[in-house]
Amino acid sequence: MADSQELELRAVTPTNTPHSHSRVRASLTPIAIGEQPAPSQLRWGKPVLIAIVLAYLAAVLVGPVLAIGYEVAIVGLGNALTALTAPDALAALRMSLGLAAISAVVNAVVGTVLAIAIVRYKFPGRGLLSALADLPLAISPVMIGLSFVLLVGRDGLLEAPLVAAGIKVLFAYPGLVLGTLFVTLPFTVREVAYVLEEIGTSEEEAAATLGASPAQTFWRVTLPNIRLGLSYGLLMTVARSLGEFGALLVLGGSISNETQTATTFIHDAIEERKTAGAYGMALVLALLSVALWTALHVLHTREAQKKAR
Amino acid sequence: MKIRVENVSKRFGNFQAVDNVSFEVESGSLVALLGPSGSGKSTILRILAGLDSCDSGQVWFGDEKATDLHARARSVGFVFQHYALFRHLTVEDNIAFGLDVRGIPKPQARARANELLELVGLKGLGGRYPAQLSGGQRQRVALARALAPDPKLLLLDEPFGAIDAKVREELREWIRKLHDEVGVTSIFVTHDQDEAFSVADRVLLIHGGKVEQLGTPTEILDDPQTEFVARFVGEVSVFSAVIQGGKAVSGSLAARVDDDHREGDRVHLVIRSYDLKLWRDDAGIATVQRMVTLGDRVRVYANIDGAGPVTAQFPRRSSLLKGVEPGSRVQIEVTTARAYPAATSLAPSPASLSGP
């Protein structure tokens, strides 16, 4: 019995302490494990782990971004940017920026209202609403596009009323707006709901006892408290809407000068072997992403500082 | 302003938080709502503030029925346990908030805020943010903010709960002085009986959502109306006893109690740790288990033959303690004891009870 215990101990203890030789005290030896330099594996484990993570990030994230830069250099920056001044390229870029702006404005309002409803009010179906707000994250954008097509397209449920009202959704601007709004819905809701949950209700209650109306409480107490979370959510909203491709291709059809966006422009340009335009547009999107990423990072740091205060 | 609460009840799902509570608070007085955690005292306070609504019953502010009044229309100052200061506003803006939302001109609101800053002893800190203040300072700002709009009623929810012991003591005395200065009717919630008794004019003891007793600290200490009050207030020992010849008898212990009980009744005998004497006597009825010195007092834990554990307190230099040490036999004499019918749901615990 004592033998087997000691054997086990030897197995886990790299170097035996004097204690573990004493059979009588075999049951006491586990203390010796604690005295061993146990973190020895971690000493080289840490740099290896970091190296693996960095290599992965380089392969998956940094590499492709650098590749765009490299290709642009080969084509020539001048050529790439000149290709972007073509009317269809400018229209596509303007379209993407416009959609991003619309989704930012709509999500700022809708996201905040939804988050307040989910966190602050108790009503039947609250859990379902919260789950629904996450739905766009789980569904492929192409599927979203397809389901909209089935809804408003030929023989769709809403086709007749839309035709009667003279509204064209598919392969038109409203379709692009719908698709963008759908895929960007979760970001502000999630961020704002999280912050609301964290700050709790006591400041809002304090405002009420001090005589503030619900509107005053919102503008003077709630909004300043969720400002940071809301900005964070909006930055992600903009990034998402600039990068959206599948839903916009299905809903808009990427018609040049009409429903083409920056991403579908790149797709079409590559198909047509207009590499200069494709690389130029990709570079612009990459730069926008870097700018958004920097802004996110700055907000993140500010948030961390605020918590540390 | 006089406050009247009539038959107020409140349920949260299956939990009866407040159960048919009625009481009155005289204008200008300072009242403590005292009770263990989950007794419903905070809910009562929130109902008074209009932050929670009651399921039934009425709340009267003077002659005005306040039951259905919105929180912002009640003119009630509320001090939250964790301050609930507006973190994005300076101390001065926090205090002026209640005036700003009422549309009082900026210069006037600033002047009032600074007046209150001086009142709570934080002059010169108006430009700071809440995160830059200590717990005690934040609580003072919260109080100044609640007082700024000149409320008719001031409510404080565990106002000293989140503050360290030393500062808490100071704040207690200070809040009593402040109340005497400002004179606003005030109600505060606490689970700390020392706090309730040292600060309040009257104490309202709440248990299980019901009012157990409302009275001055002396009334509650000297004349506990229910077994709960007797056991909750101070440090007590409880025994299962039977009435025999006008005395409550438990094992070798016999204590004189009031004559509300009939011969043979089963009762719970409640004895305060300072309502009994003990002295060294080898023919006594108890054995000392443990003695603990607490500053100028000594607490003696003993076991009474056939009755169970008892706790007693003496001044450290008391002549009674001569020769008393763990293991020694002692005689016990009960000076004051109370007996309550044993039918109540409170079972006597084997160990003596003490306050939180």
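How do the residues of the lining of the largest pocket divide into nonpolar, polar and charged?

A: The model under discussion is a predicted one. In the lining of the largest pocket, 12 residues are nonpolar, seven are polar and six are charged. That lining consists of 25 residues in total, and the space in the pocket amounts to about 920 Å³. Nearest the centre of the pocket lie Arg120(A), Tyr121(A), Thr201(A), Glu204(A) and Glu205(A).

In chain A, helix H5 (87–120), helix H10 (202–209) and helix H11 (214–243) each provide at least two of the lining residues. The largest share belongs to H11(A), which provides six residues.

Across the whole structure, a search finds three cavities of 30 Å³ or more. The largest cavity has a volume of about 90 Å³. Its lining contains nine nonpolar residues, two polar residues and no charged residues. Among the residues that line this cavity are Leu30(B), Leu143(B), Leu147(B), Leu154(B), Leu156(B), His179(B) and Ser186(B). Three elements of chain B, namely helix H4 (135–147), strand S7 and helix H5 (165–182), each supply at least two residues of the cavity lining. Of these, H5(B) gives the largest share, with four residues.

S7(B), which covers residues 153–157, pairs with S6(B) in the parallel sense, and four bridges join the two strands. Within this pairing, Leu156(B) of S7(B) is the bridge partner of Val79(B). Leu156(B) is also one of the residues that line the largest cavity. Strand S6 of chain B spans residues 76–79, and both of its faces are covered.

Chain B has 356 residues, of which 51% count as buried. Its C-alpha atoms fill a box of roughly 80 × 45 × 35 Å along the principal axes.

Over all chains, five aromatic pairs are counted. In one of them, the ring centres of Phe148(A) and Phe182(A) are 5.8 Å apart and the ring planes stand at 90 degrees; the pair is therefore edge-to-face, since planes over 60 degrees apart are placed in that class. Phe148(A) belongs to helix H7 (residues 141–152) of chain A, whereas Phe182(A) belongs to helix H9 (residues 173–199) of chain A, so the pair ties together parts that are 34 residues apart in sequence. Phe148(A) has a relative accessible area of 14% and is therefore buried, as the limit for a buried residue is under 20%. Phe182(A), at 26% relative accessibility, counts as partly exposed.

A second pair is found in chain B. The rings of Phe228(B) and Phe232(B) have centres 5.3 Å apart and planes at 15 degrees, so this pair is stacked. Both residues lie in helix H8 (residues 227–232) of chain B; because they are four residues apart there, about one helical turn separates them. Phe228(B) and Phe232(B) are both buried.

Charged groups also meet rings in chain B. The charged end of Arg140(B) sits over the ring of Trp174(B), at 4.5 Å from the ring centre.

Two details of the backbone complete the account. Phe171(A) is not a glycine, yet its phi is positive, at about 55 degrees. This residue is located in the loop between helix H8 (159–165) and H9 of chain A. With a relative accessible area of 39%, Phe171(A) is partly exposed. Asn7(B), likewise a residue other than glycine, has a positive phi near 50 degrees. Asn7(B) is placed in strand S1 (residues 3–12) of chain B. Its relative accessibility is 42%, so Asn7(B) counts as partly exposed.

Conventions: Residues are numbered from 1 along each chain as its sequence is written. Chains are lettered from A and ligands numbered from 1 in the order in which they are written. This is a predicted model: local features need pLDDT of at least 70, side-chain atom pairs count only at pLDDT 80 or more; totals for chains, interfaces and linings use all residues. Side-chain values use heavy atoms; hydrogens and water are left out. Rings of Phe, Tyr and Trp (its six-membered ring) pair if their centres lie within 6.5 Å; planes under 30 degrees apart count as stacked, over 60 as edge-to-face and the rest as tilted. Buried means under 20% relative accessible area, exposed over 50%, partly exposed in between (1.4 Å probe, protein chains only). A charge sits over a ring if NZ of Lys or CZ of Arg is within 6 Å of the ring centre and within 35 degrees of the ring normal. On a 1 Å grid over the protein atoms alone, a cavity is a set of points where a 1.4 Å probe fits but cannot get out, and a pocket is an open set with protein on both sides within 12 Å along at least five of seven lines; lining residues have an atom within 4 Å of a point. Grid points are joined across faces, edges and corners, and a volume is the space filled by probe spheres set on the points. Ala, Val, Leu, Ile, Met, Phe, Trp, Tyr, Cys and Pro count as nonpolar, Asp, Glu, Lys and Arg as charged, and the others, Gly among them, as polar. Two strands pair if DSSP finds at least two bridges between them.
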